[in-house]
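Me: I would like to learn how to read the packing of rings and helices in a protein model. Could you take me through it step by step?

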Amino acid sequence: MVRTQFRCAIYTRKSTEDGLEQEFNSLDAQREACAAYILSQRHEGWTLLPGCYDDGGFSGGSMERPGLKQLLGEVEAGRVDVIVVYKVDRLTRSLSDFARIVEVLDHAGASFVSVTQAFNTTSSMGRLTLNVLLSFAQFEREVTGERIRDKVAASKKKGMWMGGNVPLGYDVVERKLVVNDAEADQVRHIFARYIALGTIAALQEELKGQQIHSKAWLARSGRPVGGKAFSAGALAHLLQNRTYVGLVHHKGDYYPGEHQAMVAQATFDEAQALLEAN
């Protein structure tokens, strides 16, 4: 039987969260273009389903995306006939993941369409073209990843701070680690008391009583993070962090950092010897 009605679902994705707080963002632009395309195919029986399947801040190199998982679940349940995307790399940038998605679509008798590239997986030529396109998309992703890794390695060898969780005792100002004097006093106190007490358990209990907590900061979403009593693991990590003696770590090697040290090397070495002995 020839299908005369096609239930369409729009999928949108953006790799980073930058700009998602705007009233009209990249996901909205993708969705608007896809909705207009579906409307143009109204004479073919295309109708837009009301659900939204968006993944803001998720890479196309993995299928671990809540919006995509929900959408594929709808396809498997037989509630979606066509997935509509702005560009094919919004759906995936991985050939292996593409094969898995096509398998799900085939099993459900569904297909997907890219509105800017006029690709449709219902034809063998469309699949061949998509495979070629995805090969280039995957190549581009891998080359970009290599460039980023090389840049990070070169920058760290120069002692530059390249992001990550900011250690207690420092703040980030213009992408550089700057000593936070109040927190730096706490860090030096933690090292001194560990050496005096001799165990992390005793140190943990004392800091709890003194209301000395882990680094507190705000996530991009505005949600408060940290600022809690130290766990034993967090204290061990702090006591082994060579950032405090002015070094930058990269893949097992350490380089002199641009930032200011806040713990004397002799104090740090004494703490390491005690950690190892324990």
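Me: Which residues do ring pairs link into a cluster?

Reply: A pair of aromatic rings is described by the distance of the centres and the angle of the planes. Rings of Phe, Tyr and Trp (its six-membered ring) pair if their centres lie within 6.5 Å, and planes under 30 degrees apart count as stacked, over 60 as edge-to-face and the rest as tilted. Here ring pairs join Y170, F191, Y244 and F268 into a cluster, and a search of the whole structure finds 6 aromatic pairs. The model is a predicted one, in which local features need pLDDT of at least 70 and side-chain atom pairs count only at pLDDT 80 or more, while totals for chains, interfaces and linings use all residues. Residues are numbered from 1 along each chain as its sequence is written, and side-chain values use heavy atoms, with hydrogens and water left out.

Me: How are the rings of Y37 and W46 placed, and are these residues buried or partly exposed?

Reply: Y37 and W46 form an edge-to-face pair, with 5.9 Å from centre to centre and 65° between the planes. Buried means under 20% relative accessible area, exposed over 50%, and partly exposed in between (1.4 Å probe, protein chains only). Y37 therefore counts as partly exposed at 25% relative accessibility, whereas W46, at 12%, counts as buried.

Me: What is the geometry of the pair F191 and Y244?

Reply: The ring centres of F191 and Y244 are 6.1 Å apart and the planes stand at 80°, so this pair is edge-to-face. F191 lies in helix α6 and Y244 in the loop between α8 and β11 (247-250), 53 residues apart, so that the pair links distant parts of the chain. Both F191 and Y244 are buried.

Me: At what angle do the axes of α6 and α8 cross?

Reply: Two packed helices are described by the angle between their axes and the distance between the axes. Axes are lines fitted to C-alpha atoms, for helices over the stretch in contact, and angles run from 0 to 180 degrees between N-to-C directions; helices (H or I, at least four residues) and strands (E, at least two) are DSSP runs, numbered from the N terminus. The axes of α6 (residues 181-197) and α8 (residues 232-239) come within 11 Å and cross at roughly 105°. The two helices α6 and α8 are therefore roughly perpendicular to each other, since angles under 35 degrees count as roughly parallel, over 145 as roughly antiparallel, 65 to 115 as roughly perpendicular and the rest as oblique.
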